[in-house]
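Subject: Structure handover

Hi,

Here is the model I promised to pass on.

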Amino acid sequence: MTGGRKASSMKTQLVNAIQLQELEEEEEVEVEVQQEEERNKTDAVQNKANGTQGQKFYSVEEAVESIGFGRFHILLFIIMGSANIVEAMEIMLLAVVSPEIRCEWRLEDWQVALVSTMVFLGFMICGVLGGYVADKYGRWKVVFGGFVWAAYFSVLTSFAPSYGWFIFLRSMVGCGVAATSQGFVLKTEFIPAKHRAFLLPLASIFWMIGSLLIIILGMTVVPTLGWRWMIRLSVIPGLILIGLFQFIPESARFQVSAGNVEGAVATLKWIAKMNGATLPEGDLREPVVTERGNAVTLISPSFRRTSLLLWYSWFVASFSYYGSVLSSSELLEKNLLCVTDADEKHSIKHIKEGELCYCIPFNMADYQTLLISCLGEVALIPLNIGLLNIVGRKSSMIILLLLSAVFFMLVNICTTMLGFTVLLFLLRSLVSMNFNVVYIYTAEVYPTSVRSIGMGFCTSFSRIGGMIAPFIAQVLMSKSVLLALCPFSVACCLCAVGTLLLPIETRGRALLQNE
């Protein structure tokens, strides 16, 4: 019995020894495999280093700076600037057509204000959507689609049989205009850093041209053919622009971020040839951005404070700009100004308790005042450029916001008709310049991977300001001019304080490709 147990114990020990030896052999094999893999990796790295030794690479930013400013940028500036003409005509049309639709459909103040609000609602919804699509599939497609969409629904608006159809179709127009605003991103991504502060504010010239065109159409077409023909004729610049836009390529920065390096190189070579310049030596190399158009990046720790403050800045920029436009229209339409030298027409206050005052069309003097105020949007462009280059983006916004707050309150003082025209001229200059700076800062502060969706979110918040502005400028104004002007002034002051807290100054900084 004892001998059997000993034999069994020896057998067990032998089996264990064999298993232990097998485990040790397996571990030795694994170690050898790991060492072999490490040697292969090291050899691969060395081979790659030997293969690329002496080879040069360049980024899109370096290519854009090397190409410099030339004929392509002039073409880009004219065509993409013309997009501002279309946008301005569609937005300013609201101020010109308001008295006409009030008369035709016998609308109350809130119904007139709702027209502008619905346009900005379409702008707000499609602003975010357009930004997402532009970061995913390209800036060019979104901008071109926006031109076609806006032109189509603008023509349909002229055939609107009722007030309900009118506001629905105008909201669709706002959706198309939101997509065309991505053209600012496309334009910014092609312009060298040192030229951005000079060229981008000059785009206000095109906005002014669009505003002047719609006012001139109002002066000449509305009294003879009516407001419907004014809308049809206002579509012509948009149709021309659809053809011209074929000469603008897709953003090379987007192409690289999407992995289309060959397309980016072809675009950059075409621009360099057009400008009579050459690309840097070597190959274009940028990391492929696997996650584009991700809104979460906007509220990541790197950009959270910037995004939150920018959203409010855009809200105020739109709120104050359209507040100034619609306030001037309402003050002139209803003669609510405190004018010391008023003529017979402007001495009648169109406020009647208990009944509606339906038909109060603009006269020629009102159109002339609107024309002069529109010129204010470009009169101080040299000052705008100087501020951007000397004090930077943040300080420029603070100065312009505080001055805007002051001039909003000055509109309420009693003065001559000339004095009111001058005040309105300066107010439009200030709010327009502030809008320019906010646009530039936003396009510069976000990286390429989220630049379009960042701009889309910002423009959507700006349209919330545009949605609220009509109810203050066109509804509350009838109750009290001072009460209506105060919200615009206070909003500008609060925004100036918020701008102080922005963590980044973008003056002279290269555009970021990645976060």
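Below is what turned up on cavities, pockets and salt bridges.

A word on conventions: this is a predicted model, with local features needing pLDDT of at least 70 and side-chain atom pairs counting only at pLDDT 80 or more, while totals for chains, interfaces and linings use all residues. Residues are numbered from 1 along each chain as its sequence is written, and side-chain values use heavy atoms, leaving out hydrogens and water.

Searching the whole structure gives six cavities of 30 Å³ or more. A cavity here is a set of points, on a 1 Å grid over the protein atoms alone, where a 1.4 Å probe fits but cannot get out; a pocket is an open set with protein on both sides within 12 Å along at least five of seven lines, and lining residues have an atom within 4 Å of a point. Volumes are the space filled by probe spheres set on the points, which are joined across faces, edges and corners.

The largest cavity comes out at about 330 Å³. It has 22 lining residues, and the closest to its centre are Asn84, Glu87, Trp207, Asn436 and Tyr439. Helix α18 (417-445) is among the contributors of at least two residues, and α18 gives the most, with five. Helices are DSSP runs (H or I, at least four residues), numbered from the N terminus.

The second largest pocket holds about 180 Å³. α4 (109-137), α5 (139-157) and α6 (163-180) each put at least two residues into its lining, with α5 supplying the largest share, five residues.

**Salt bridges**

There are eight of them, counted when a side-chain nitrogen of Lys or Arg is within 4 Å of a carboxyl oxygen of Asp or Glu.

Finally, aspartate 135 meets arginine 139 at 2.8 Å, N to O. Aspartate 135 is buried at 1%, as is arginine 139 at 1%. Asp135, Arg139, Glu189 and Arg451 form a salt-bridge network.

Cheers

Conventions:
Buried < 20%, exposed > 50% of the residue type's maximum accessible area, 1.4 Å probe, protein only.
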